[in-house]
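Hello,

Here is the structure I promised to pass on to you. Please open it alongside this email, and my notes on it follow below.

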Amino acid sequence: MKVLILGSGVIGIATAYQLALSGHEVTVVDRQPAAGLETSYANAGEVSPGYSAPWAGPGIPVKAIKWLMMHHRPLVIRPRLDPAMLRWGLSMLRNCTSQRYELNKSRMVRLAEYSRDCMKELRAQTGIQYDERMQGTLQLFRTQAQLDATGADISILQRFNVGFELLDQDGCIRHEPALASVREKFVGGLRLPGDETGDCYKFTQNLAALAGKVGVRFRYGTTIVRLQSTGDRLVEVITDGGSLTADAYVVALGSHSPLLVRRLGLRLPVYPVKGYSITVPITDASGAPESTVMDETHKVAVTRLGDRIRVGGTAELAGYDLKLHGARRHTLEHVVSDLFPRGADVARAEFWCGLRPMTPDGTPIIGPTRLSNLYLATGHGTLGWTMAAGTGRVMSDLISGRRPEIDLDGLTLERYSAAYA
Ligand SMILES: Cc1cc2nc3c(=O)[nH]c(=O)nc-3n(C[C@H](O)[C@H](O)[C@H](O)COP(=O)(O)OP(=O)(O)OC[C@H]3O[C@@H](n4cnc5c(N)ncnc54)[C@H](O)[C@@H]3O)c2cc1C
């Protein structure tokens, strides 16, 4: 079949690669000059099935009020008259019950764990490199209250069979020796040894190159303007460079997905949640992190990427605005300088922001639509890279007429049909 993939982020590229391996004639379309230049460009660098959990959970509304008032705040809301933001926010609040949290988490874990297995296979088959490390991730607690509150998280990890280690100060320093110089700043940590780290942009770029070798074609610098349907089929994609047609189409446009499918009568509950990162050169490797250290107080992840450190965090509700706010940079600089004072030169930081394509329940939307040849691979939110390799395999199986290796119950748009159709 001829398949058109709309979007060359990590999700679109992972899907294109798998479809080409299955023998399809695949073309990827993107407005950018290369793959992975929007949200997949400078994320926090975690491949973290262990932390796959929705942001909406019990107690979050109260915590959110506290976060909004912090000096180095992890949550920022820029109020605007935006019905989509309001609808999304209310739906997120409805997902803050224990029951919904458990259900949503179980769906995310199903895809994330499958994705981890697919990623391992991909590495074994291709030798793809992306500053990868397989040294787990460490959630660092600055207060005893944070450490004491891990009980609920631990019981969830146990229920989902995720390996973990609860560590005291010395235990944290054993895995992250640079923390020895700031041991008075934390009381302990929770380590997930099965998690991995790396550079999502390098991964996307290198996978795009591999996809090219198995026949995928790329139309970069091409903006998609409109999708055209007739009856129950998508018939063409209208771009600023002309019209494109295929037998099947995959929407992998990240946060921009809802804008383009709306005209087809599909309401996607995906809203942009802006996040920021800085990438800083390492000045002294012995003062830098070995893997990811997640500062629980500031909700900021500090990750080693080869000879650089990536520092990422913040959830900002501001629509599609991509303005870089200096206050957010200060928070990221504060965390890395506070925990790794000898590690990095923050004066040479590359400052970036991206829009997480978030669903209210944290779970992506992958699978078919009511148009027989239109598929969705979007809404991957906080952990899109973590779920990319598995998403690619699921999409390829579906479009090739095979049964996906994981159950898609609760992962497709159908779960929203009542509220959003
Ligand atoms: C600060 C931050 C930290 C994060 N940390 C992590 C992490 O540690 N681990 C993790 O797994 N995930 C993380 N994420 C989430 C992850 O980065 C995203 O879920 C993922 O990149 C989404 O990929 P995507 O392919 O869906 O979207 P994108 O990468 O945004 O790709 C969508 C593509 O569609 C194209 N496009 C959009 N509209 C049009 C149009 N009209 N015409 C043509 N092309 C168009 C864009 O150019 C873009 O290339 C983080 C995100 C942020 C912001």
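Let me start with the sheets. Six strands make up an open sheet with mixed pairing, and their order is E9-E2-E1-E13-E20-E19. Its edges are strand E9 (217–219) and strand E19 (365–368), each of which pairs on one side only. From one strand to the next, the twist averages 20°. Please keep in mind as you look around that this is a predicted model.

Within that sheet, you could look at strand E1 (residues 2–6) and strand E13 (residues 248–251), which pair in the parallel sense over four bridges.

E10 and strand E11 (residues 233–239) run antiparallel and are joined by six bridges. Thr230 has Arg233 in E11 as its bridge partner.

Now to the ligand. It is surrounded by 34 residues, and the closest are Asp30, Ser40, Glu46, Gly381 and Thr386. By type, the residues of this shell divide into 19 polar, ten nonpolar and five charged.

- Gly381 has a backbone N or O atom 2.8 Å from a ligand oxygen.
- Asn43 places a polar side-chain atom 3.0 Å from a ligand oxygen.
- Val10 has a polar backbone atom 3.3 Å from a ligand oxygen.

On its own, the ligand has 1000 Å² of accessible area, and the protein covers 98% of that. Helix H1 (10–21), strand E14 (271–281) and strand E18 (350–358) are the elements that give two or more residues to the shell around the ligand.

Finally, the aromatic rings. The structure holds eight aromatic pairs. One of them joins Phe203 and Trp385: the ring centres are 5.7 Å apart and the planes stand at 50°, so this pair is tilted. Phe203 belongs to helix H8 (residues 200–213), while Trp385 sits in the loop between strand E20 (374–378) and helix H11 (388–399), so the pair ties together parts that are 182 residues apart in sequence.

Notes:
Residues are numbered from 1 along each chain as its sequence is written. This is a predicted model: local features need pLDDT of at least 70, side-chain atom pairs count only at pLDDT 80 or more; totals for chains, interfaces and linings use all residues. Side-chain values use heavy atoms; hydrogens and water are left out. A residue is near a molecule or strand if one of its heavy atoms lies within 4 Å of it. A polar contact is a pair of N or O atoms within 3.5 Å; within protein, one must be able to donate a hydrogen and the other to accept it, and residues adjacent in sequence count only if both atoms are side-chain atoms. Accessible areas come from the Shrake-Rupley method with a 1.4 Å probe; for residues, only the protein chains shown count as cover. Ala, Val, Leu, Ile, Met, Phe, Trp, Tyr, Cys and Pro count as nonpolar, Asp, Glu, Lys and Arg as charged, and the others, Gly among them, as polar. Two strands pair if DSSP finds at least two bridges between them. Axes are lines fitted to C-alpha atoms, for helices over the stretch in contact, and angles run from 0 to 180 degrees between N-to-C directions. Rings of Phe, Tyr and Trp (its six-membered ring) pair if their centres lie within 6.5 Å; planes under 30 degrees apart count as stacked, over 60 as edge-to-face and the rest as tilted.
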